[in-house]
Amino acid sequence: MKIAVCIKRVPDSATRVRIAPDGLSLDEAGVKFILNPYDEFAVEEALRRKEQAGAGEVTVLALGPAAAQETIRTALAMGADRGVLLQTDRVPADGLAVARALAAELTDGGFDLIFCGKIAIDDSNHQVGPMVAELLGLPCVTAVSRLEIAGSAGTAEREVEGGLEVVEFPLPAVITADKGLNEPRLPALKGIMAAKKKPLEVKPFQGGVTGIDVVRMTLPPERQAGKIVGEGAAAVPELVRLLREEAKVL
Amino acid sequence: MSHVLAVLEQRDGALRKVSFEIITGARRLAEALGSEVHALVIGAGAVTGTDGAGRFGADRVITAVGPGFTRYAPEGSATLVAERARSGGYAAVVLAATATGKDLAPRVAARLGCALAADVTDLTVEGGVVVATRPVYAGKALLTLKVTGSPAIVSLRPNVFTPVERPRAGAAETVAVDTPAGRVTVREIKAAAGAIDVAEAPIVVSGGRGLKEPANFKLLEDLAQAFGGRAAVGASRAVVDAGWRGHGEQVGQTGKTVSPTLYVAVGISGAIQHLAGMRTSKVIVAINKDKDAPIFKVADYGIVGDLFEILPRLTEEVRKAHG
């Protein structure tokens, strides 16, 4: 089974955001970067599918700066076989520009399955996976929290408001992973050592047309700390009065 | 003048409430562009509730009816929306960043070859170009973007574009379509335990480690119920990772970003990644035993104390207020 996983290097979720001097982007000084958490589910699922099939290859593909090689090595340490980095100093804000580059890289790969995370926790675009699928003409199920594959047919569950959709689709297909799909493994020391020797190809990302111009990045207005209404259950009637009369939300 | 296409949502043949938010966002663009809002809804038959679309600013309401569209059909819907957007020469296509919209909008964008600004919280037009603001880093920063595609495609964060009444004709049309539903089919929808999703609920009551054990979430469920079906239960990452609650309830940077009218954080200290997911709530209430917990720094109202005493009392008072 030939599987590809699209991954992204993102700032850790504990990052305190400061705006860079250009006013358009994150100030990366002192920021710790990680493999996007939703992509961990994608990598794990790819490894499990390969293991179940008994044979195959898992390719991880990233678009990002040179440092994203480390992110790819993380996936290789988990067990992926080879990595490809489309290198650029700035990832486009336009998800379609990213999807076009990924799709061009994937198009002749003969993949049975392509996994992505459902969202990257930095730009929160939640669009690259289904765009890649559309550009490749492949079926796609997004935000999958449960997946079954039998031969060339798949069944997936995805969360919708107030329910779970049970979705059927044929392979090859693109799946975007949600939390709950699996429990990602931690790379073992042996995997980390092996990852250093696995092939990692670096190609330049050419850029291309973009339909999004970033005008500015700003910090959201600070929330003013409100008031402590009181202590213990005795404060509850006053809280409810304030919610009704002052905040007018009841 | 190019018009604005509002892509509405229905489930089980009834228009979903978020549709009026979509029309409201589309109306805002149409006013700035001096054009009309055309609402499109896809179904297997007549969709109830479409008669309300005119009230919020739809000039036309087009129901596309085809046999394959009983449930959301990702590929067939993308075909229909993209065809309509292309043939109608629309300036903008507006969807909602719901589970369906998050699936559909990128497909439409890819087919049209146009950029998508997803999950936007503000929309304007400057010099004829759609300008969208959207949270990044789960709300720790805001990105303002020019969406230069034609059409400009935007999906709106639920609960942000409060429906505003701006009556227009809402002229209803039904179009029969024979578009295939596509290769990806929704076989069934299993109902979840909570009828209302945490990302869409106008009221969210969230619990964290302070609840001490999974069974104690019953106290939060009772409170949610006291709000009369308008509230959903949310959870911190710590309790989801511990397996106490399902991941669908997680609020935060690796869970859902929510903007309800009222957010009640119970036994949640307020880690930065949690605050990122709920800081845009209109009113925040925090209940915590630690008066120095970071959650109080973003809360409008706080009660310091033992949640096991406070919660039952709050449930009782809310029930009274609703009685």
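Modeller: Let's start with a term: a residue is buried if 20 or more other C-beta atoms lie within 10 Å of its own, exposed if 12 or fewer, and partly exposed in between, with C-beta atoms placed from the backbone. Helices (H or I, at least four residues) and strands (E, at least two) are DSSP runs, numbered from the N terminus. This is a predicted model, where local features need pLDDT of at least 70 and side-chain atom pairs count only at pLDDT 80 or more, while totals for chains, interfaces and linings use all residues. Residues are numbered from 1 along each chain as its sequence is written, and chains are lettered from A and ligands numbered from 1 in the order in which they are written.

Colleague: Which residues of strand 11 of chain B are buried on one side, and which on the other?

Modeller: On one side you'll find A152(B), V154(B) and L156(B), and on the other I153(B) and S155(B). That makes 5 of the 5 residues buried, so strand 11 of chain B is largely enclosed by the rest of the structure.

Colleague: How do I read the sheet around it?

Modeller: Strands of a sheet pair through backbone hydrogen bonds, either parallel or antiparallel. Here, two strands pair if DSSP finds at least two bridges between them. In chain B, an open sheet of 7 strands has parallel pairing and the order 7-11-6-1-4-5-12. Strand 7 (116-120) and strand 12 (171-176) of chain B are the edges, each with a single partner strand, so one side of each lacks a neighbour in the sheet. From one strand to the next, the twist averages 20 degrees.

Colleague: How many bridges join strand 11 of chain B to strand 7 of chain B, and how many to strand 6 of chain B?

Modeller: There are 3 bridges to strand 7 of chain B, where L116(B) has I153(B) as its bridge partner. Strand 6 of chain B pairs with strand 11 of chain B over 5 bridges, and A96(B) is partnered with L156(B).

Colleague: What about contacts between the chains?

Modeller: Two residues are in contact if their C-beta atoms, placed from the backbone, lie within 7 Å. By that rule, 74 residues of chain A are in contact with 76 residues of chain B. Strand 9 of chain A gives the largest share of chain A's side, 8 residues.

Colleague: Why does T24(B) count as buried?

Modeller: Because T24(B) has 23 C-beta neighbours inside 10 Å. T24(B) sits in helix 1 (residues 18-33) of chain B. Leaving out residues up to four places away in sequence, T24(B) touches F56(B), G57(B), F161(B), P163(B) and V164(B). The C-alpha atoms of T24(B) and G57(B) are separated by 6.8 Å, though the two are 33 residues apart along the chain.

Colleague: And which residues of helix 8 of chain B are buried?

Modeller: An α-helix has 3.6 residues a turn, so residues three or four places apart point the same way. In helix 8 (residues 307-322) of chain B, the buried ones are L307(B), I310(B), L311(B), L314(B), T315(B), E317(B) and V318(B). Their cover includes helix 6 of chain A.

Terms used. Axes are lines fitted to C-alpha atoms, for helices over the stretch in contact, and angles run from 0 to 180 degrees between N-to-C directions. The expected span of a helix is 1.5 Å times one less than its number of residues.
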